Amino acid sequence: MLEVNGLKKHFPLTAGLFSKVVSHIKAVDGVDFALKKGETLGLVGESGCGKTTVGRLIMRLYEPTAGSIQFRPHGEEGEDYDLATLDNASLRPVRSHLQMIFQDPYTSLNPRKTLLDIIGEPLRLNGMSRGAELEDRVVEMLRLVGLRPEYITRYPHAFSGGQRQRIGIARALILNPTLVIADEPVSALDVSVQAQILNLLKFLQRELDLTYLFIAHDLGVVKHISDRVAVMYVGKLVELADADDLYRKPLHPYTEALLSAVHVAGPAQSHRERIVLEGEVADPSNPPSGCYFHPRCRYAQDRCRQETPELQGVAEGRYVACHLADELDLAGAASG
Amino acid sequence: MDTLLEVRNLQTHFFMAEGVAKAVDSTTFSIRRGQVLGVVGESGCGKSVTARSIMRMVRPPGHTVDGEILYSRPEQNGQSASIDLLQLPATGTEMRAIRGGEIAMIFQEPRASLSPVHRIGDQITENILLHQDVSRAEAEEIAVDMLRQVHIPLAEQRLDAFAHQLSGGMCQRVMIAMALSCHPSLLIADEPTTALDVTTEAQILELMQGLQADLDMAIMFITHDLGVVADMADEVAVMYLGKVVEQGAAADIFRDPKHPYTIALLESLPRMDQEREWLQTIRGVVPDPYSTLSGCPFHTRCAKFIEGVCDEIVPEPITLEDNREVRCLLYTEHARQERPQVAEDSSHS
């Protein structure tokens with residue numbers, strides 16, 4: 001349904017009186033993946049790796065520097081749009097199929113509007129309904145996300161973080177989108193509320209046949225919700241695989257390190273080896289030569305310092321960008 | 001074993017226009033010398049206010065109105081004397097010697113806790129000069145040594161750096177260096193890795209574990225992340241609405257949680273090592289801090305709520321066989337009279 005090819009976004013870095021462009025931050029530097037209808041693709045990585053930028057590029061909140069984003073909201077037979085090149089006017093009808101849920105439920109809702117205005121706004125802007133009909137739709141959405149219909153006249157300040165996230169979800173879903181980009185939708189929430197929202201997202205996906213691009217840094221959450229997982233490091237995908245395969249047997253050393261850094265809230269896990277990476281995430285305006293991960297990789301060889309590995313298919317649905325993928329035997333998450 | 005700090009019946013309340021918020025409401029727990037106590041709970045449960053109460057750093061409208069914080073202070077003759085920190089004037093000499101010296105604290109936002117206009121070397125030496133009888137040059141030597149101990153490369157040069165020149169992980173290392181420069185017997189770490197990325201978090205946790213073993217200090221590790229606690233802590237205290245609802249050895253609590261809140265928290269986590277189609281949720285929300293609930297503070301959300309018992313009787317901490325303290329009526333006579341099977345069931349969940 002969605003096919004992203006060679007997607008790039010370089011932000012210029014300027015300096016001096018005339019804002020001369022001195023270099024570029026390669027926030028997203030050649031990302032390819034595809035999304036099937038009804039599935040959830042988890043996109044993980046550390047802060048600054050470009051995962052949010054990918055989401056925003058698909059929404060066309062940013063202009064891509066290069067690459068294509070093929071989007072077929074109605075499946076194979078339906079129309080085919082390239083989101084990367086459409087102009088604003090032709091984007092408008094496509095945009096209702098694409099919606100986004102944001103991280104911070106406190107700042108993403110307008111404090112001076114009631115729920116009717118906030119949730120109904122997309123419908124009003126698209127001229128799809130008004131008046132009593134609009135109100136009915138909003139009430140329906142409130143019920144769907146587990147909020148009481150009486151809340152329709154209230155303002156966001158009256159709600160807790162979890163309830164606000166439900167409001168954000170209701171707003172995103174009122175136009176019946178096909179693709180929902182969820183950018184860290186639960187990372188600002190407490191665990192008990194996080195569980196409610198994750199269950200809600202899963203329930204809505206089944207009810208409404210939604211496709212999710214789920215951006216997060218918490219590997220436990222991503223495993224729970226995703227069918228497939230893509231791992232990003234400094235603007236590039238380093239691994240893409242079925243969630244179970246990736247967690248059981250990662251092929252990229254960065255994935256292995258990420259998995260080993262996750263703490264499992266259970267007994268008898270404390271003696272698992274924790275791989276502590278040296279140093280810090282590479283600077284995307286001045287990435288290292290060869291494989292971007294090589295300065296922190298404990299398996300790095302000469303070849304890794306010189307050649308940049310491409311993302312390659314190694315098995316059905318499994319992709320990895322590592323020269324040593326065939327040779328290494330990496331540890332996955334402990335399964336109990 | 002040797003108790004370093006004992007908090008008894010601590011009450012820190014915030015007096016607001018809307019009413020009195022009991023942020024910490026008769027909290028009782030203890031930390032043993034050289035051990036890591038993990039304090040977990042959701043936002044608003046009073047974890048941070050408890051830490052600030054120990055440091056005597058609660059600002060108005062908050063006041064510690066009751067309780068005891070017994071700190072066992074080592075004396076010159078090798079013995080230790082127990083003093084109640086709440087009896088000391090918050091800004092007096094003795095408390096100032098303890099705060100930052102014997103009991104040190106690090107915070108969630110490492111960059112916000114460092115001064116943006118002073119060089120980090122000056123910030124560390126200032127703390128050393130305040131608490132130790134050394135010259136400026138000696139203090140600087142200690143500072144460099146501390147920066148090396150927290151694995152900061154090029155320690156001498158970094159003395160001249162400002163906080164904005166360092167990454168978040170580096171800033172947290174500087175905070176740890178500063179906190180440990182006076183050899184505290186207790187380090188209070190308030191969500192020290194929450195703002196950091198997972199790989200940086202792993203570095204900082206590894207560092208803290210190493211230093212804890214080397215320096216033989218106790219750590220009170222406050223976090224909302226149950227996974228981090230499972231990895232770091234010897235003992236765990238679970239807080240809900242200003243009270244410690246369960247305290248015991250970390251291994252016991254994760255293997256066999258007793259309090260319904262602890263059980264529910266562990267069930268609600270998505271886990272990498274288990275398949276869970278749907279996550280367990282805790283019904284309802286954390287009650288408004290100004291509300292005055294009768295009975296057990298968790299009864300409105302509890303899966304094992306017993307009508308007529310939990311909403312009427314305030315549970316007192318009781319000690320179970322594995323030296324675990326639980327504040328729950330399920331393990332008392334009250335529950336057995338009502339429904340004898342309940343206490344049995346919960347131990348298997």
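Predicted model: local features only at pLDDT ≥ 70, side-chain atom pairs only at ≥ 80, totals over all residues.
Two strands count as paired here if DSSP finds at least two bridges between them. By that rule, β10(B) and strand β12 (residues 325-326) of chain B make a pair, with two bridges joining them in the antiparallel sense.

As for burial, strand β10 (residues 243-249) of chain B is mostly covered, with six of its seven residues buried.

Over in chain A, eight strands form an open sheet with mixed pairing, in the order β6-β7-β8-β3-β9-β10-β12-β11. The edges belong to β6 (98-101) and β11 (312-315) of chain A; each has a single partner strand, so one side of each is left without a neighbour in the sheet. On average, neighbouring strands of this sheet are turned by 25 degrees against each other, direction ignored.

Further in, strand β3 (residues 40-44) of chain A pairs with strand β8 (residues 211-216) of chain A in the parallel sense, over five bridges. One of the residues involved is A:Thr40, whose bridge partner in β8(A) is A:Tyr212. Helix α5 (residues 161-173) of chain A packs on the sheet, where it touches β6 and β7 (179-183) of chain A. The direction of this helix makes about 175 degrees with that of β6(A).

Note on methods
Residues numbered from 1 in each chain as written. Chains lettered and ligands numbered in written order. Helix = DSSP H or I, 4+ residues; strand = E, 2+ residues; numbered from the N terminus. Axes fitted to C-alpha atoms, helices over the stretch in contact; angles between N-to-C directions. Contact = placed C-beta atoms within 7 Å. Buried ≥ 20, exposed ≤ 12 C-beta atoms within 10 Å, placed from the backbone.
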